[in-house]
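Here is a friendly walk through one protein model, for someone meeting it for the first time. Keep the picture at hand and look up each spot as it comes along.

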Amino acid sequence: MQHHVPVPSTESSELPTPDLSTGPGSSGSPGSPGSPGSPGSQGSQGRPTTGGVRRPWRIPRRRPDAGLLTLLLAAGLWGYALPRIGFREMGDYGLLDRLPVAYYLSLLVLTAGFLLSLRRAGTAPWWPAAHCAALLLALKAPPAVLYDAVRYPWASKHDAIVNTLLANGELRPGAALSGNMSAYDQWPGFFTLNAGLVRAFGVESAAVYANWAPIVVGLLMLPVLVLIYRTFCEDWRLIWTAVWIFQLANWVGQDYFAPQALAYLLHLTVLAVVLRHFVRPGSAGRLRDRTFLDPVAAPVPPPTGRGQRAVCVVILAPLIAAINATHQLTPVMLTICLVALSLTRRYRNYGLLVVAALLMLTWDLTMGRPLFVETLSAIKKSIGELTENSRAGYAGQLTGPGPELAGTANVAMVLAVAVLAGTAVVLRRRLTRSALPLLLVSVAPVPLFAVNDYGGEMLFRVYLFALPGAAFFAAAALVPAVAGTHRSRAKALRRRTAAFALPTVLLVLLAGFLPSYYGKEKMFYTPPAETALVTRALDNAPDGSLILATSGSFPQALHRYDRLEHWFFAEQALPENEKMLKDPARYLADGIPPGTKAYVVLTRTQDVYAAGEGLLPPGGFETLRSKLSASPLFWTVESHPYGVVLEYRPATRRMTTR
């Protein structure tokens, strides 16, 4: 029997497509919506009919994904705002009052898009991942795109080290270099890597790409963080929320062009491998029982035998060696974290701990011996001095609206993350029990407060190394478990609370990040004219000259550091500087060795830094500049609104330049 195959009508532009949906009436029973004789049924050829009249097929229209729309809208707002950021005319609040409204709107849109993407994080995790990457770019890319100078004036010394390494072709770990520069030749891993990159890219210096370091390091860190969090959690909502919180809470500024950024990335990579592949057989116990775990907790990773762990140690040894060759403090942090992990039955791997400790001691007693011996002497004096070791910076107190706001935001951010993490540790004890190794890794660095101040930076470094675990538990306090079919009023209340708390907390953290990261931006951006002034002055200074400045926080401060000496005379307590300001010319002259060629370099960036960090009293820098310029002991070489260069000439009368 032949069947007539209907030909689609040429009057309609719709093309026939199969209907893949199924409904309650799809069985085809008489009278049902899907039966052949019912209104709205489909004929024998599958074409919809209404009252026996065939209707043309319609292609279902798919709505654009909300994640894509929010990303595009945020990108448009960010791109519109970027050229309107007034970074050259920053005032007391840094970039905060120079960022246009469109920039802030782009961050709000990104946050809203991220919250929407969490609803499908289990089936489409690429949308929250894309929002996390976009957040990183939105927060930290403006300086990389806009600035015509290296952000953070002290980062220019890292560029100077790379240039010196390329010029000399050798390291001198035993050489005595002023400005605390000897340590960089003793831990040269970061600089040798960048020397190779400069040659490979064919660029003039590392300054060309230095401002992109936070973005590159941040993007490389994303999969490492996800791997760590995935070890303890199966809920993608919680994982991506932890990554989001980590980025908002990472205001410390240690991801810039510096050895710490590279060492920190390698540190987290080692921990990720250890947490995934160093589980001892028979150590999981009840942690493999789903009824014992938090609904979102991941089972303990499969155990590895002694031979497998030995292979992993061999694989990790080069990474640990690279950390030791790159940074002084990070190997200590890694060793402490491995000690903390060995306290658990799951990760009691003394072999890896011994290898890490031996590599650290080997480097400290060979390449890093000079600084290591010096540090041991300093520890004898600083151990147990908790108040002194937890100070931030050299001395003094933050002054000015922007620095004061940044300092307040810093404290608020630390407290907020700590309170959220502590709440999860207490309220989600089953998750805490399974993620105990991550908790131990987070608290392991805290005892270092009792050992040393690390040049006024121990507070920031401890926070940085504790942040990955703290961000995870903070996210656990905000993202409730959804597993299980049993419903109760308590669970419904937790869901309603989380629906309000999660966006609120993310907005609060965003509001805290901006002043923490950009509130002191006036210290961090340097006009090119100032950089050129310093470069000229140091290029013209004879070898062996002494360069004097209030601090080392100005561009090119350590240019030609291997040929010049340095004295940053204001890096001391405020009372001492107040005494110095009474007669700065005599104070400096008394500190210059006889017969030494000396130059004083005072710049706008030093003025901003000394005032903001409380090194000098209000108006102190201008007093210093005017008194030195008027002294017969110093001759003006160059004078501009953004800086002055003075030459020390004790035996000649003061002269002026044209």
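This is a predicted model: local features need pLDDT of at least 70, side-chain atom pairs count only at pLDDT 80 or more; totals for chains, interfaces and linings use all residues.

Val 601 sits in strand E5, which covers residues 598–603. Who does Val 601 touch, once its neighbours within four places in sequence are set aside? The list is Val 534, Leu 538, Ile 547, Leu 548, Ala 549, Phe 554, Gln 606 and Val 644.

Now for the whole chain. The protein chain has 658 residues, and 52% of them are buried. It is built with 25 helices and seven strands. Take the contacts between residues at least 6 apart in sequence: 73% of these join residues at least 24 apart.

Next come two pairs of helices. Two packed helices are described by the angle between their axes and the distance between those axes. Here are both pairs side by side.

| Helix pair | Axes come within | Crossing angle |
|---|---|---|
| H10 (residues 306–326) and H12 (residues 350–365) | 10 Å | roughly 30 degrees |
| H23 (residues 584–591) and H25 (residues 620–630) | 8 Å | roughly 75 degrees |

Take H10 and H12, whose axes cross at roughly 30 degrees. An angle under 35 degrees counts as roughly parallel, so H10 is roughly parallel to H12. The crossing of H10 past H12 is right-handed. On the H10 side, the contact is made by Val 313, Leu 316, Ala 317, Ile 320, Ala 321, Asn 324 and Ala 325. H12 answers with Leu 352, Val 355, Ala 356, Leu 359, Met 360 and Trp 363. Sort the residues of this H10–H12 contact by class and you get 12 nonpolar, one polar and no charged.

Over to H23 and H25, which cross at roughly 75 degrees. The range for roughly perpendicular runs from 65 to 115 degrees, so that is how H23 stands to H25. Here Pro 584, Ala 585 and Leu 588 of H23 meet Leu 624, Lys 627 and Leu 628 of H25. By class, this contact of H23 with H25 holds five nonpolar residues, no polar ones and one charged.

Tyr 152 is not a glycine, yet its phi is positive, near 65 degrees. You'll find Tyr 152 in the loop between helix H3 (126–146) and helix H4 (156–168). Is Tyr 152 buried or exposed? Tyr 152 counts as buried, because its relative accessibility is 6% and the cut-off for buried is under 20%.

Gln 556 isn't a glycine either, and its phi is positive too, at about 60 degrees. This one belongs to the loop between strand E3 (546–549) and strand E4 (565–568). With 15% relative accessibility, Gln 556 also counts as buried.

Last stop, the cysteines. How many disulfides does the structure hold? The count is zero. As for where some cysteines sit, Cys 132 is buried, with a relative accessible area of 0%. Cys 312 counts as buried as well, at 14% relative accessibility.

Notes. Residues are numbered from 1 along each chain as its sequence is written. Side-chain values use heavy atoms; hydrogens and water are left out. Axes are lines fitted to C-alpha atoms, for helices over the stretch in contact, and angles run from 0 to 180 degrees between N-to-C directions. Helices (H or I, at least four residues) and strands (E, at least two) are DSSP runs, numbered from the N terminus. Angles under 35 degrees count as roughly parallel, over 145 as roughly antiparallel, 65 to 115 as roughly perpendicular and the rest as oblique. Contact means heavy atoms within 4.5 Å. Ala, Val, Leu, Ile, Met, Phe, Trp, Tyr, Cys and Pro count as nonpolar, Asp, Glu, Lys and Arg as charged, and the others, Gly among them, as polar. A disulfide is a pair of cysteine sulfur atoms within 2.5 Å. Buried means under 20% relative accessible area, exposed over 50%, partly exposed in between (1.4 Å probe, protein chains only). A crossing is left-handed if the near helix is turned anticlockwise from the far one by less than a right angle, and right-handed if clockwise.
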